[in-house]
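Hi everyone, thanks for making time for this. I'd like to walk you through one structure, so let me put it on the screen.

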2 protein chains.
Amino acid sequence: MTRIRKAACVGGGVIGGGWIARFLLNGIDVAVFDPHPEAQRIVGEVLDNARRAYGRMIQAPLCAEGKLSFHDDLATALDGAEYIQESVPEQLALKHRVLGQIEAHASPEALIGSSTSGFKPSELQEGAQHPERIFVAHPFNPVYLVPLVELVGSPANDEAALARAADIQRETGMMPLRVRKEIDAHIGDRLLEAVWREALWLVHDDVATTQEIDDVIRFSFGLRWAQMGLFETYRIAGGEAGMKHFIEQFGPALAWPWTKLMDVPEMTDELATKIGDQSDTQSGMHSIRELERIRDDNLIGIYQALKANDWGAGRTLREMEDRYFERAKAGAGAATPDYAAPLTLHRCRVSGDWLDYNGHMTEYRYLQVFGDATDAFLGHIGMDAAYRSAGRSVYTVESHIRHLAETSANTALTIRTTVLGHDAKRIRIHHEMLDEAGTLQATAEHMLMHVDTQAGRASPMAAPLTDRLAALSPGQRGLAAPDHAGRPIRDIGWPDPGAA
Amino acid sequence: MTRIRKAACVGGGVIGGGWIARFLLNGIDVAVFDPHPEAQRIVGEVLDNARRAYGRMIQAPLCAEGKLSFHDDLATALDGAEYIQESVPEQLALKHRVLGQIEAHASPEALIGSSTSGFKPSELQEGAQHPERIFVAHPFNPVYLVPLVELVGSPANDEAALARAADIQRETGMMPLRVRKEIDAHIGDRLLEAVWREALWLVHDDVATTQEIDDVIRFSFGLRWAQMGLFETYRIAGGEAGMKHFIEQFGPALAWPWTKLMDVPEMTDELATKIGDQSDTQSGMHSIRELERIRDDNLIGIYQALKANDWGAGRTLREMEDRYFERAKAGAGAATPDYAAPLTLHRCRVSGDWLDYNGHMTEYRYLQVFGDATDAFLGHIGMDAAYRSAGRSVYTVESHIRHLAETSANTALTIRTTVLGHDAKRIRIHHEMLDEAGTLQATAEHMLMHVDTQAGRASPMAAPLTDRLAALSPGQRGLAAPDHAGRPIRDIGWPDPGAA
């Protein structure tokens with residue numbers, strides 16, 4: 001497939017702007033036609049968000065953006081465009097008028113997708129000169145980030161045109177789903193509209209507020225649906241007996257007033273078998289146990305991602321972890337440690353997603369654990385948010401790490417910390433990482449520098465750091481430094497070229 | 001609040017097993033009553049999953065598990081239990097019988113929650129001796145991982161009992177949501193049942209298969225709903241004009257056949273205002289721009305989490321990144337680099353979630369980038385999956401990192417790699433990390449060891465690594481090693497105790 005060079009977007013609101021961002025950030029030129037006086041501002045705001053998002057999301061070198069142009073007349077906007085996306089308001093008469101104008105100026109081969117939420121392609125194609133290349137390409141907000149696009153054709157469509165449209169959408173990172181039969185509101189908005197109407201009743205009847213409905217969604221099935229849909233989730237709920245068992249169990253509920261949607265298909269043997277067979281095709285390559293673990297790993301990853309943003313289920317996880325830490329602290333007692341021995345200030349467990357292709361803890365996670373141990377040490381000597389808020393902090397300026405074992409998933413790690421020395425501005429520390437059996441996994445030697453964060457340069461430490469270092473100094477200075485501390489990485493030179 | 005010591009679970013299937021795991025893994029003893037002959041096996045399987053999940057999820061020291069016991073008679077199971085959770089099949093007569101037996105043996109203060117999906121608390125309380133402490137506590141599968149529990153009372157309930165139940169649920173990491181008005185199927189299952197019925201029609205009418213429906217969900221609104229619900233998402237879609245604009249725009253669709261749910265509340269001014277006001281209370285503390293960025297950051301985190309499992313929208317992201325890499329490669333050409341200069345084999349961008357509390361790239365992410373550069377170097381000399389599949393790999397055994405600048409978010413990093421030497425089993429390399437302006441951010445010196453992964457010990461390198469090292473050796477050995485290479489971390493000793 002040759003990549004397209006130019007797309008045109010007719011209508012540049014939030015949805016049109018999302019399409020524009022998709023094309024541009026994937027290196028495709030975009031010409032925009034939108035008579036709205038604020039179109040450039042609105043598109044610019046969507047683009048700002050999209051550039052920010054791609055900078056954070058894409059762990060690969062971004063390509064050069066396509067060229068963006070705004071046009072006062074439709075003809076120049078469409079000139080040379082291989083793919084045209086229409087995103088004007090949801091009124092059929094307006095869509096017919098705009099599609100007629102597009103056909104009057106576009107080349108007969110240009111693909112024309114409509115962002116319509118509800119109209120069927122056959123409705124859009126009414127009166128068209130070349131209905132075979134007009135189709136529904138229904139995206140989801142934010143279009144630059146959400147992968148799905150529902151690609152819907154009618155019997156009048158050319159299959160090759162739809163396949164080419166899917167290729168172009170895939171090229172911009174989207175996930176085109178060919179809808180096999182046209183229907184009002186396609187698939188996604190049918191499901192969404194059912195939930196919306198049900199939710200309106202709940203608000204109307206004072207059963208729940210908008211916040212409560214949102215919380216129910218984002219703390220329960222929304223988490224499941226980010227990674228498995230309705231049927232695969234229920235297949236798991238059915239257990240080893242699978243989908244049929246689930247339908248048997250919850251089939252009777254179809255007749256109960258569990259929703260306002262009381263127009264239900266009869267759960268005949270035929271329908272149950274159809275669902276069971278389709279579910280087998282979809283998920284039968286995994287055992288229920290495998291599906292459970294895939295689901296759990298996905299949920300855990302999602303919680304940890306949300307935890308980084310202190311949001312939703314991620315905040316719940318953080319609060320849960322805080323309780324575990326509190327219990328651990330309560331169990332360990334809050335006594336001052338024995339400074340004449342190495343300090344144990346940090347413990348953790350090797351997470352299942354910390355492994356590399358060799359199957360053991362990946363290199364940088366060792367430094368993550370050592371870094372957390374350094375933070376625990378700094379916290380112990382009094383560096384907290386209050387200390388930092390005065391414009392002071394401690395940075396690591398140099399590290400020497402030695403890997404001594406292949407650390408595997410779920411290993412409970414203990415870090416033993418020794419202070420090797422310090423002066424007015426610097427602290428030199430050494431960490432040992434031990435597994436449950438006390439076997440040394442790795443060591444780290446760090447030089448830490450106290451800094452004035454405003455001036456961005458080294459500065460002398462202040463209380464309470466100075467006091468706490470003075471308190472631990474008599475004990476720690478008596479400990480022998482490990483042999484490898486203060487040693488460089490060895491020079492191994494090059495083999496003799498003649499010997500190769 | 002004092003923590004509870006003992007809970008009892010009546011019914012130990014998939015849902016009961018999930019409750020059991022929640023309690024046990026949070027340090028609470030659990031007594032189980034379930035006459036099913038396979039109850040112990042089923043609970044054991046749920047517990048296996050839950051232990052695995054907590055080991056991966058909880059980034060804190062896990063507490064000692066509670067004590068698990070199975071009982072042949074209900075009386076001993078309930079003895080001393082402060083919280084009792086009933087999870088028997090969804091038949092009202094059965095639930096009445098079981099609740100009656102529970103009340104006959106439990107203390108009158110014990111809290112009794114029911115996992116019922118659909119029955120109202122007032123229905124469960126019929127004929128109870130102490131209806132005030134019987135309530136609905138409806139969880140979501142997998143109960144040990146999904147936070148939400150719908151806590152529903154009737155007018156007969158004691159508020160203090162419900163508050164105590166919520167505290168206990170929170171203590172196990174759950175997110176109890178007090179449902180303000182009892183209704184068939186509470187809130188979550190009403191929304192789910194509406195989607196289920198709509199989805200059954202789509203399968204029944206051959207509009208979509210189970211796989212296609214699931215893909216529509218997990219590649220579009222499921223991703224949004226893992227972090228914001230229906231109303232907050234639509235508030236953003238409404239743009240600066242907010243919720244009211246959204247309702248104006250999509251209000252007319254309520255009359256259209258977009259779903260089988262045609263029994264809709266009339267969208268009166270009163271209802272529109274109620275929704276607008278509730279949405280302001282819920283989300284009004286954030287501007288639309290802020291909400292967009294929170295949403296985008298959450299979506300990006302979710303995609304990256306799913307990418308680690310090569311699943312769903314995460315797989316789409318990986319494929320997208322692969323295309324960016326391909327374009328970058330195509331742009332850079334595939335020529336052999338100039339070996340008489342440092343090698344540029346890895347570039348990346350500092351992700352927004354790589355920052356620490358000082359606001360710049362956190363310590364271990366430097367090693368992540370250097371590790372990726374080491375992998376790019378190893379790939380360049382021919383270490384690939386085929387090479388590794390023969391039981392050989394290269395491990396980092398020692399690293400020396402120097403931090404020279406405060407690297408900020410979105411910085412485009414380039415890594416310049418020099419080979420400092422090698423012998424038959426080892427390679428010593430040096431990386432420089434540069435920002436867009438060419439300013440040195442950090443350096444890393446690594447000793448890499450070739451290993452026989454079966455035997456777990458050092459072994460001589462084989463082709464193509466040996467050949468490629470021989471090819472780059474003449475150019476690289478001519479490069480001067482940086483001054484700091486081969487230097488140790490300096491010994492700074494201790495300040496004179498008399499001077500303190």
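Predicted model: local features only at pLDDT ≥ 70, side-chain atom pairs only at ≥ 80, totals over all residues.

Let's start with a single side chain: B:Glu65 counts as partly exposed, at 35% relative accessibility. Residues are numbered from 1 along each chain as its sequence is written, chains are lettered from A and ligands numbered from 1 in the order in which they are written, and side-chain values use heavy atoms, leaving out hydrogens and water.

So what does B:Glu65 meet in a salt bridge? The partner is B:Arg51, at 2.7 Å from N to O. A salt bridge here is a side-chain nitrogen of Lys or Arg within 4 Å of a carboxyl oxygen of Asp or Glu. B:Glu65 sits in the loop between α2 (39–57) and β3 of chain B, while B:Arg51 is in helix α2 of chain B, so the pair ties together parts that are 14 residues apart in sequence. Helices (H or I, at least four residues) and strands (E, at least two) are DSSP runs, numbered from the N terminus. B:Arg51 is partly exposed too, at 36% relative accessibility.

Over all chains, the count by this rule comes to 58 salt bridges. One of them links A:Arg180 and B:Glu212, whose closest N and O atoms are 2.6 Å apart. A:Arg180 lies in the loop between β8 (175–179) and α7 (188–204) of chain A, and B:Glu212 in helix α8 (residues 210–218) of chain B, so this pair joins two chains. B:Glu212 is buried, with a relative accessible area of 13%. Another pair is B:Lys95 with B:Glu90, the closest N and O atoms being 4.0 Å apart. B:Lys95 is buried, at a relative accessible area of 1%. There is also a network: salt bridges that share partners join A:Glu38, A:Arg41, A:Glu45, B:Arg289 and B:Glu292.

Now, the sheet in chain B. In which order do its eight strands run? The order is β3-β2-β1-β4-β5-β6-β7-β8, in an open sheet with mixed pairing; two strands pair if DSSP finds at least two bridges between them. At the edges stand β3 and β8 (175–179) of chain B, each with a single partner strand, so one side of each is left without a neighbour in the sheet. The twist averages 25° from one strand to the next.

Let's zoom in on strand β2 (residues 29–33) of chain B: four of its five residues are buried, so the strand is largely enclosed by the rest of the structure. Strand β1 (residues 6–10) of chain B pairs with β2(B) in the parallel sense over five bridges, and B:Asp29 is the bridge partner of B:Lys6. On the other pairing, β2(B) and strand β3 (residues 68–71) of chain B are parallel over four bridges, with B:Leu68 as the bridge partner of B:Val30.

Key
Buried < 20%, exposed > 50% of the residue type's maximum accessible area, 1.4 Å probe, protein only. Axes fitted to C-alpha atoms, helices over the stretch in contact; angles between N-to-C directions.
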